[in-house]
Amino acid sequence: MENKKTIIVVGGGFAGLEFINQLKQAHQYKIILVDLNNYNFFPPLLYQVAAGFMEPSAISYPFRKILRKHDNVKFYMGELQKVVPEENKIILSNGELSYDILVMASGARK
Ligand SMILES: Cc1cc2nc3c(=O)[nH]c(=O)nc-3n(C[C@H](O)[C@H](O)[C@H](O)COP(=O)(O)OP(=O)(O)OC[C@H]3O[C@@H](n4cnc5c(N)ncnc54)[C@H](O)[C@@H]3O)c2cc1C
């Protein structure tokens, strides 16, 4: 059985999705996208939503639909709480995942 390396990408914003898009043909990897939401959204249009000019659904899209075409990518919804580099694992609000390569793309916040 093929032993694929696991890449975990934390954060499905511009950075995380672009990284995954670049690796969509890299079938030697199993990629897991982790995000605390189950949807990507487009921050530049947040003001239009706040002002009532657009519906939230117009600037957001479910990760599972975005990733549907990528058979080497899975989505896991959960909030990252801790990285344990000595054990190559991350602790989420709802479980733990092990990785070979960890990509942090969780944006500019804490
Ligand atoms: C109102 C507004 C308008 C903007 N307008 C422009 C513009 O016109 N042009 C421009 O170039 N840029 C604009 N920006 C900036 C642009 O949106 C950011 O630079 C860009 O979104 C950063 O992308 P990112 O992938 O690094 O992070 P983000 O887009 O912040 O994505 C981070 C992802 O990580 C997830 N995440 C965060 N913490 C955790 C956690 N603990 N566990 C799991 N998941 C987590 C989040 O849910 C999110 O999906 C704007 C930003 C805002 C807020």
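Which residue in S9 does Val9 stand opposite? Select Val9 and look across: Val103 in S9 stands opposite.

This is a predicted model, in which local features need pLDDT of at least 70, side-chain atom pairs count only at pLDDT 80 or more, and totals for chains, interfaces and linings use all residues. Residues are numbered from 1 along each chain as its sequence is written.

**Stop 1: the sheet**

Colour the strands next. Helices (H or I, at least four residues) and strands (E, at least two) are DSSP runs, numbered from the N terminus. Four strands form an open sheet, ordered S5-S2-S1-S9, with parallel pairing. Two strands pair if DSSP finds at least two bridges between them. At the edges sit S5 (73–77) and S9 (101–104), each pairing on one side only. On average, neighbouring strands of this sheet are turned by 20 degrees against each other, direction ignored. The axes behind that angle are lines fitted to C-alpha atoms (for helices, over the stretch in contact), and angles run from 0 to 180 degrees between N-to-C directions.

**Stop 2: the core**

Return to Val9 and show its contacts (C-beta atoms, placed from the backbone, within 7 Å). Leaving out residues up to four places away in sequence, Val9 touches Gly16, Phe19, Ile20, Ile31, Leu33, Val34, Val103 and Ala105.

The largest has 13 residues, of which Ile8, Val9, Ile31 and Leu33 touch the most other members. S1 (5–10) and S2 are the elements that give two or more residues to this core. The largest share, four residues, comes from S1.

**Stop 3: Asp35**

Go to strand S2 and pick Asp35. Is Asp35 buried or exposed? Asp35 counts as buried because 23 C-beta neighbours lie inside 10 Å. The cut-offs are 20 or more other C-beta atoms within 10 Å for buried, 12 or fewer for exposed, and partly exposed in between, with C-beta atoms placed from the backbone. Beyond four places in sequence, Asp35 touches Gly11, Gly12, Phe63 and Met77. Draw a C-alpha to C-alpha line from Asp35 to Val103: 12 Å in space, 68 residues in sequence.

**Stop 4: the ligand**

Finish at the ligand, which 20 residues surround; Gly11, Gly13, Ala15, Pro43 and Gly107 are the closest. H1 (14–22), S2 (29–35) and H2 (46–50) are the elements that give two or more residues to this shell. H1 gives the most, with three residues.

Methods:
Near = placed C-beta within 6 Å. Core = buried A, V, L, I, M, F, W, Y, C linked by C-beta atoms within 7 Å. Contact = placed C-beta atoms within 7 Å.
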